[in-house]
Amino acid sequence: MEKFLITGGNKLKGTVKVGGAKNAALAVMSASVLSNEVCRIKNIPGISDVSLVAKILAEINVKVKMLNKTTIEIDPTRVVQRPVSCDIVRRVRASYYLLGALLGRFSKASVSLPGGCNFGVRPIDQHLKGFARLGANYEIDAGMINVESEKLSGNNVYFDVVSVGATINIILASVKAEGLTVLENAAKEPHVVDLANFLNSMGADIRGAGTDVIKIRGVEYLSGTSYSIIPDQIEAGTYMVAAAATGGDVMVQNVTPKHLEAIKSKLEEMGVTIEEHEESVRVTQDGPLEKCNVKTMPHPGFPTDMQPQISALLSLAQGTSIVNEGVWDNRFRYIEELKRMGANISVDGKIAVIEGVKRLTGTYTKATDLRAGAALVIAGLAASGETTIENIDHIERGYENICQKLLNLGANIKRINEENEPINMAKVL
Ligand code: UD1
């Protein structure tokens, strides 16, 4: 049970390098199972979810070897079809990509119902509907999702809601199916495009990723590949917001500026200065922040995974801001923690009304999920006094070396254990 102890008030200054995108990496790791050869994947983030997916893959005889800090090699040549039900599966949402990947490879898959962050109900009906459209039968029995087909055949799949997970799962299931699959109302997130590019680099025939109609023509064989994961848009956005919250001046490197447009435009509306370079953005903030309204939506809308972080920032802006959560039913659980720090926020269903306050004050807080934890880190960096954040394992599921990266930017942040003793960072990294 380690915690972060942050003494707020330092302006973040300097350069931070963003890692590979968590949600792309997790999908790509599962997708490797579809290949008959070894795949090399670069720009893999050093986060605990990646290690957990590697452990899940080991359960089905897929070897994941670390070549260096950011490159792994996945050997799926001895993969076996067996139920995937270890405890870890229930902790990592992305483990459900093994449903599509194993179905695509063996026409059969059996995987535990997935876990992940708790944002209220997280249905998988669109995934199951998609599998059925490809000719698979499914049942949910004793906590397992079982999917099976004699032969997968391409078909039209219309999604009733825009779902990243369902889009990726049906791409995985159809990439080796016979004939043409057309996904309509597909998700357009950068990591959907990255997954499609990865599969295409192995010989798949996927067109239209990044638009709402994706066409997948089944191929018989997928070869090995060497592929580099896109930068993490949410990690980048989090450092951008942290820079703004502390009145800092930070160069966020290794980013794709196009993926940051929604975040950039909201920060600019708040009065933050953003300079865009080819693979980096410089964020500077001086003076008061202005209110703004935010509605989260599927890409290219404002990402729901940045909602807690921007809300932490808006709690320090002048005036009243309205944040409307347009994707998840229950993603405001962290607001109670921000209120303990002095934020003035009221929540009604999927809407938060934020009355900006002059300052937040450090106190004892708990991360309720990954991005909620990031919001508390931002609030703690901007607050006066000491903020303790418990349950940092949530944060480390998605942020590589966050403590060290913030230290490099001049933050006063420490990892401490239950007895409030500092942890030797050299042992952690
Ligand atoms: C992914 C991301 C998560 C992000 C979310 C939205 C991963 C591992 N996680 O989650 O960080 O917050 O995208 O950008 O990539 N829905 C249904 N039926 C379904 C599937 C989804 O109704 O079968 C609904 C959900 O309840 C939610 C919305 O669709 O309201 C979006 O969910 P989805 O895009 O599927 O999220 P995930 O893929 O689980």
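Reader: How many bridges join strand S3 to S5?

Author: This is a predicted model, in which local features need pLDDT of at least 70 and side-chain atom pairs count only at pLDDT 80 or more, while totals for chains, interfaces and linings use all residues. Residues are numbered from 1 along each chain as its sequence is written, and side-chain values use heavy atoms, with hydrogens and water left out. A strand is a DSSP run of E of at least two residues, numbered from the N terminus, and two strands pair if DSSP finds at least two bridges between them. Strand S3 (residues 39–42) and S5 run antiparallel, and the number of bridges joining them is three.

Reader: Which residue in S5 stands opposite Met66?

Author: Strand S4 (residues 63–68) runs antiparallel to S5, and five bridges join the two. They form a hairpin with two residues between them. Within this pairing, Lys63 stands opposite Asp75, whereas the residue opposite Met66 is Ile72. Ile41 likewise stands opposite that residue of S5, Ile72.

Reader: How many residues of strand S5 are buried?

Author: A residue is buried at under 20% relative accessible area, exposed at over 50% and partly exposed in between, with a 1.4 Å probe and protein chains only. Strand S5 (residues 71–75) is mostly covered: of its five residues, the number buried is four.

Reader: Which strands are the edge strands of the sheet?

Author: The open sheet has four strands in the order S4-S5-S3-S13, with mixed pairing. Each edge strand pairs on one side only, and the two are S4 and S13 (225–228).

Reader: Which helix gives the most to the lining of the largest cavity?

Author: A cavity is a set of points on a 1 Å grid over the protein atoms alone where a 1.4 Å probe fits but cannot get out, and its lining residues have an atom within 4 Å of a point. Thr238, Tyr239, Ala374 and Leu406 are among the residues that line the largest cavity. Helices H7 (233–245), H11 (370–382) and H13 (402–408) each supply at least two lining residues, a helix being a DSSP run of H or I of at least four residues. With four residues, the helix that gives the most is H11.

Reader: How many charged residues are in the lining of the second largest cavity?

Author: Asp, Glu, Lys and Arg count as charged; Ala, Val, Leu, Ile, Met, Phe, Trp, Tyr, Cys and Pro as nonpolar; and the others, Gly among them, as polar. The lining of the second largest cavity includes Val18, Asp232, Asn254 and His259. By class, this lining has five nonpolar and four polar residues, and the number of charged residues is one.

Methods. On a 1 Å grid over the protein atoms alone, a cavity is a set of points where a 1.4 Å probe fits but cannot get out, and a pocket is an open set with protein on both sides within 12 Å along at least five of seven lines; lining residues have an atom within 4 Å of a point.
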